[in-house]
Amino acid sequence: MSTNTTTMDFFAKNDKISNIWLILTLLISLFGVYGVFNVLINGHDVYGVTRTVPWGILISTYVFFVVSSTGLCLISSMGHVFGIEKYEVIGKRAVILAILTLLCGFGVIAMELGHPFRMAIYNIISPNFESAIWWMGTLYGVYLVFIIIEFYFLMKHNHKGAFYAGLGGFIAGISAHSNLGAVFGLLEARPFWHGPYLPIYFILSALISGTALIIIIFNISYGRPSNLPEKAKNALTGLSKLFGLFLGIIIFFDIWKIITSVYGAPPEKYESVMALLTGQLSFNFWFFEVMLGMLIPFFIILFTKGRNLTASLIAAISAVIGIFYMRYDLVIAGQLFPMREPAPGAHVQSALQNGMVTYSPSFSEISIVIGALGFCVFLYLLAEKYLNLSE
Amino acid sequence: MFLLKTKLNRRKFLAYSGGTLAAGAMATKFSTIKAIASEHGKQSKEPGTKTVPSACAICVNKCSLFADVKDGVIHKLNPNHNFFKSRSMLCARGNVGAKVPYAPDRLKKPLIRTGKRGEGKWKEVSWDEAYDYIVENVIKLIDKYDNRSSIAFASTEGLQEEFFRHLTSVVGSTNSVRHPTLCLASNIQGYSSVYGTLPDADIANAKFVVMAGSNRAEAFITPDTIDLAKNRKEQTFVYLDPRATKSAALADKWFPIKPGTDMAVVLAMINVIISEGLYDKEFVDKYTHGFDQLREHVKKNTPEWAEKESEIPADEIRWMARKFAENAPASVWYPGRRSSFTANDVYYRRSCAILNAIVGAWDRKGGLIPKSGISLKSHEFIFPLYDRVKNRIDGGKVNFAADVLPEYIKSNKGMPKDEVAFLSEADGSWVLFRDAILKQKPYPVKGMFIYKQNPVESVPNRAKTLEMLKSMEFICTIDIQMSDTAWYSDVVLPESTYLERWDPAHSLSGVAPVVIFRQPVIEPLFDTKSMKDITVDLTEKFLQKDAFWVDAWEEDKAYMEDYVKTFKGVPMSHIIEHQLSDYPGAYKMLKEKGCFYKTDKIPYGKTLKEGARLKTKTGKIELASVRYPEAGLYALPVYQKPSQPPEGKYRFVVGRHAQFTQANTQNVPYLLEAYGHYENMLWIHPKSALKQGLNDGDYAIVKSSAGEQKVKVHVTEYTRPDTVFYLHGFGRLSKWLTNVYKVGASDAEILEDYAETISGNALLHETFVEIKKA
Amino acid sequence: MSENSRALKLAEDNQKLANKRKKAKEKWGIVLDTSKCIDCKACTVACKMENYVPVGFYNYRIWVAEDTHYAKYPVISRSFQPSQCQQCENPPCVHVCPTHASYKTADGVVMVDSKKCILCKYCMTACPYDARYESHTTEAIDKCTFCYQRREEGKDPACVETCPPKVRVFGDLNDPNSEVSRLLAYNEYTVLKPEKGTKPKLKYIK
Ligand code: SF4
Ligand code: SF4
Ligand code: SF4
Ligand code: SF4
C-alpha cells in the first residue's frame, strides 16, 4: 500500500491524443444540445416514441451505454479483483470508461424520463421494491459509487482498496445489469422479452461490449497496435480470444432465441422476431446485428486466432457498431406487436397495414444519441490525454 | 290556396300561436324579474360546484341534462335520468356540448362585412350598429321592391326559432323556408295521408322490426336506436340498406337492397299478407278505408316481381311478410326520419304505413303509435298583415315545378307538374324556393335572414345556393359559429349558445310526451344575445322608423309596441311558468327534475276507442286515400321503377353519422377524433374501386352535373358495388370552421337538386356520379 | 383556471379521495354486454369531458374498436368492442412502477399519482391492454380511474352513465346483491387476455 503517491501519478499528458480529435468530438457532442433544448422547450412531443412504442432509441442507447459500462467493469475485474495478472494492465482505462459510459447512459435516460429529478426524490421516499426499474436505478447508483472509488484506488495504486471496491462494483454491476435485463424480462405483456433469457443474455453481451471496447481504447491510447507495449499486447491477445469465445456463445444464444421464437409461431414472439428477420428491422438485424455485430468479428478472431491485433481492432469496432444496433433492435422489436389489434376505432398509434406498429426515431432523439456518443468519446479522450491511465 | 285576404276583410290580424304571453300579465311581475336576472348573473361567478338542469340543443332530440358547473366553468354535461325519452343518455355530441361555449371558433361579437362577399373581411360592431344596418337595409329593400316578401327567412328547428318566426311576421314576409323539405317532409306527408299523422314506433315493445334506409344506430341516437340495441337479443331486426352501416351491426338480417326499390318490397309483403290471409281482418274492417281496392292493387306485386326490382330474394320477402303478420301487432316497418330519398318517396311512405295498418299494428303495443303532446299554454300573438306583401314565392301554381323532378318520373301521372300538391305554408320547399328566387319568378326576393340553418351546406347543389346568395342585396345570419352561410352574409349576429340562455318550455311529442326547457348554465361569455332578444330589439328599432310602417295601420304599431313590452326585460322563467300554468307543480318539477311529464307509460289505443277519429278525410286509416285523387294523385301507392346509374357511374347516397348528424359539429375536434378521421371518405366497393383504378387511401374526383369534389377513397365491402357514399358536412367554405375548411368533400356540392312535387321534399339519392382518380 | 390546472386539480383530488377511502370495502367492476354497442362514442367523449383528457387522437382512456368477424359483400358481420383500463386485480402496471406512482386503491381502482410519476413509461410497456398514455396536462401517465371523483357521490362513471343502450354496468363485485354480481351469476362471461394473469375487473358477457 503506497500512501505517498504524487500528483504526477494522477495526471500525465498523453501526446498521442491530438486536440483535433478533442475538438471534433466536442463538436459532435454539441450536436446533441439541439435535441436537449428542443425537448426542454417543446416537451416530449419532439420524440418519435408513441403510445404503442413508449421506449425508443434513447432507452436503447441508455442500454448500450450501461451494458458497455458493466462489460468494462466485469472484464477489468479479471485483473485487480480476480488477480489474473495479465489483465491488470487494463484496469484504469476500463474503469474510467466504465464510469464515463455509465454517466453518459444516465444522461441519455434523464432526457428520456419525463421527470428525472422526481425520480431522485421518489425513488428514495416512495420506493417500490417490486419494480425492476427501481432496483436497476438503485443498483446502478451503487455501482457508480463503487467504480468511482475503484478508479480512485487504482489511480492511487491502492490495490487492496481497488480490490474491495472492484469486488463491490463487480457484484453491483452484475446485479444492476441483470436487473436491467429483468426490466424487460419481467414483462409478461411482452412475450418477446418475457422470461429469464434477457438477464442472462445481458450479462453475456456486456462481456462482449467490454472486451471490444477495451481493445479499442488501448489502440486509441497508443495510436496503433504496433505501438502497444508488450504487456498490453499480451492482455489484448488474451482478450481477443475471449472476445471470440463470447461471440461464439452469443451466436449460439441468438440462434436458439430465434428458433424458439419461430418454431410453432408462438403468438407475439413470432411476430416480433419476424420483424427482425424479414420485417421492418430486418436491415438492422442482418447487416448491423448479425454481420457487423457477430459474424464478421467472430470470423476475424477465428481466423487470426486473436493474434493479429489489427484484425482484432477491426473486429472490435465492427462489434461495437453492431452491438449498438443490437440494443436498438432488442428494445424496439419487443414493442412492435401492439397490445390491442389495430382495428378501426381502436386508435392504436403508429399501426401498420400488417397489424404491427412502428417506430422511427425523431431528429431530436437522434441528435441526443449522437451527442451523447460524441460526448462520451470526448470525455474519454480528455481522460486519456490528461490522466495517468498507464500503469 | 295561399291567397292573402284583401285589405278590407283581412281585419288586420294574423293570429300567430306560440309559447308567449300577454303583455298585461307580465307588468306586475317586473320587479321579481329583475331580481332573478341579477341572481343568475351572480351565480355563475360564484366559486364552488353547482348542478343546473337544462336541455341539449345540438340536435332535434333536445335531451334533458344536468350541467356540472365548477367555479363558473362548465365541467360536464350529464344525462338526466328523469328524462325517460333519452333513456338516460347523452350522445357524443351532447357530451361535447360542455365545450361549445368555449369553442375558439365561435362568434363573439356582431360582425359587418367589409370586403367582398365570402372574402372573410369583417369589422366587429356594437349591437346597435348592427341593428341600424339591418333596419336600414330591410326598409330599403321593402321600398325598392314595394314588397315585404322580397325578404326571405330561412331557419331550422329549435326552441328559439319561434322568435325568428316572430321576426318574419314583424317584417311581414310570407317567404319563410325551413328544414323539413330537406329532411322528412315526404315522410310526414306519406304517413299523414294514411293515419292523419306521422306516428312513432314502439320499438321498445316491438318483436319484429324492419328498417329500410333509416340508419338508426348511426344517423343519430334516438329512443328507437337505444331500444333496438337493448332488444338486440329478443327482437328480430331486419335491415335494408345499400350500405352495411352500424345499424347493420345490430341486425339479424341485412339486405343490401337496390336503392329506390324499397316500395317493391313493401308492396310484395302486402301482397303476401293479403293473399295468404294473414292480415288482421277485424282491424281492417273496423278501422280502415279502401281495403278491397288495395287487395286488387297489389295483386301484381308478387315477391318474385319484387325480387327482380330490389334484389332481395322472393323467399326472404315471403319470410318477412309472414313474420310481420305473425308478430303483429308488435311489428313495425320503421317510419324513419330523414326521407329525402327518391322521387316516389311519398307513395313509398304511404305503402309502409299501409303495411303496418293491414296487420293491425297501429296504436297497439309494439306497433306504430300516434304521437301525443302536452299542451302548453300559449298566447295567440297578433302580428300585422301589411299591404306590401305577396304570396309565397314557391306557393300555388309554379310553372317550372316539373323542372325539379328527375327525368324518369316526369311522365308519372301521380306526380304534380305545376305545383307542390301539399306544400307547407310555413316550411316551403327549399329546392323550389331557391329556383324561384334565382328565376325571380313571380317576383324578386333580394334579402335574406337566416337563423341557425346553413343552406350552403344543407341544400343540394351548393353552387346554386351560392348563386342565390350572390343575387341577394342583403343577408343577415344569426348563428353561434361562422357557418358557410354566415361566411357569405353581410351581417352576422352571434347568438348565445344554448348553455348561456333561457329557452321557453317545449313539449316533445312522442309515444309518451315530456316537456323540457333551457336555462343558462353559465353567463354568456361574450357579447351575444338570444334570438328572442334580437327579435325584440329589432322590433323596437323598426318601431322607431316611420318608413317601415307606411303600409301598416296605427293599431299595427300599437300591437308591436305591446309585443316589445311583452318580452323586453321579462325573464323567460316567468314565461315558462305561465306556459305550464295548467299543470300544478309542473314548473317546480321542471326546475328540479329538468323535465315535466304526466306519465312515462305509453297510452295505447286512444285512436281505436269508440268514436275516435283520425285526422284523415274519412276519419279512418285510409289505405286508399280520399284526398289524393282530389288533388290529381294516385289513391294507392303505385310503384315507380327508379332509374339506375348508367355504366361507369354510381349512385351517390348521403348518410349521417352519430358525431355529425347535421352540419354544425364537424368543426369540433373531439368529435373528429371520435369519428376516427379528420376528413370524410368515399365508400366504394372493391370491385368498383378496381374498375376505377382506385386503391384505399387514394384521392378521387367525384363528379356530378352539380359539381365535383376531391375525396379520399375508402375501399370497403360495406357497400353495394353500384352505390357510393361519403359523409355529410365536410369540405366547408367558411374559413372560420378551421378544422373542416376545405378538408374532405362536401355532399351539398355534388348533389343534384331534385325534389318531388307532392310534399316538396328534396331528393338526395337521385344523383349519379363519375369517379376518377385525382 | 386553465384546462390544464383543472386536470391537475382533479388528479390531486382523486389521490386525496383515495386516501380518504382507505377502508373502502367495495371492489368496483364493470360488466359489459357489447352486443348492444352501436359505436356511438358517447362513452369516449364523455370520458374526455369528465376527466379533462386533452384533445388528441392518441390521448384517451377509453376506446371502441370494431370487431369484423366477416366482411365479404353481401355477407357482413360487424360488432363493436368498447373497452378501457381493465382495472386489473393483479395489475402489472402497478408492480413495475418504481415510485408507487401507479397504485391500487383500497376499492381496487388502479390510479396514477401524477406527482410521483417520473414518466419512465414502464407501466405503458407493462400494460397488456394499451390502456395508458402520457398526458400533457398532468405531465404524468394518465389512465381510466373509474371516474374516482364520482365515488363519493356514488354516481356511475361518465362512460357508464352516458351510454345510450347501457352497454356497461358499474358496481361492487363484492356485493352479491349488486347488479354486476347478478349479471355475472346469470351470464357466461369472459375477460380480455386472461392468459396474462392480470385478473381484469372488466367482464364481458358472452
Ligand atoms: S356509449 Fe355505449 S353504445 Fe356508444 S360506443 Fe360507448 S359503449 Fe358503445
Ligand atoms: S411512468 Fe409514471 S406511473 Fe408509469 S411506471 Fe413510470 S413512474 Fe410509474
Ligand atoms: S389494464 Fe393496464 S393500466 Fe389498467 S390496471 Fe391493467 S395493467 Fe394497469
Ligand atoms: S370510468 Fe371514467 S375514467 Fe374510466 S373510461 Fe369511463 S369515463 Fe373514462
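# A tour of charged residues in chains A and B

Select Arg338(B) and Ser340(B): their side chains are joined by a polar contact of 3.2 Å. A polar contact is a pair of N or O atoms within 3.5 Å; within protein, one must be able to donate a hydrogen and the other to accept it, and residues adjacent in sequence count only if both atoms are side-chain atoms. This is a predicted model, in which local features need pLDDT of at least 70 and side-chain atom pairs count only at pLDDT 80 or more, while totals for chains, interfaces and linings use all residues. Residues are numbered from 1 along each chain as its sequence is written, chains are lettered from A in the order in which they are written, and side-chain values use heavy atoms, without hydrogens and water.

Arg338(B) sits in the loop between β14 (331-333) and α15 (345-358) of chain B. Helices (H or I, at least four residues) and strands (E, at least two) are DSSP runs, numbered from the N terminus. Arg338(B) is buried but has no salt bridge, and the nearest side chain of opposite charge, Asp345(B), is 7.9 Å away. Buried means under 20% relative accessible area, exposed over 50%, and partly exposed in between (1.4 Å probe, protein chains only). A salt bridge is a side-chain nitrogen of Lys or Arg within 4 Å of a carboxyl oxygen of Asp or Glu.

Next, go to chain A and select Arg93(A) and Glu384(A), which form a salt bridge with the closest N and O atoms 2.8 Å apart. Arg93(A) is in helix α4 (residues 91-112) and Glu384(A) in helix α13 (residues 363-386), so the pair ties together parts 291 residues apart in sequence. Arg93(A) is buried at 2% relative accessible area, and Glu384(A) is buried at 1%.

Back in chain B, select Asp227(B) and Arg87(B), a salt bridge of 2.6 Å, N to O. Asp227(B) belongs to helix α8 (residues 223-230) and Arg87(B) to the loop between β4 (73-79) and α4 (92-96), so this pair links parts 140 residues apart in sequence. Asp227(B) is buried, at 6%, whereas Arg87(B) is partly exposed, at 23%.

Then select Asp533(B) and Lys532(B), whose salt bridge has its closest N and O atoms 3.8 Å apart. Asp533(B) is partly exposed at 29%, and Lys532(B) is buried at 8%. Over all chains, the structure holds 80 salt bridges.

How values were computed:
Lys and Arg count as positive and Asp and Glu as negative; His and the chain ends are not counted.
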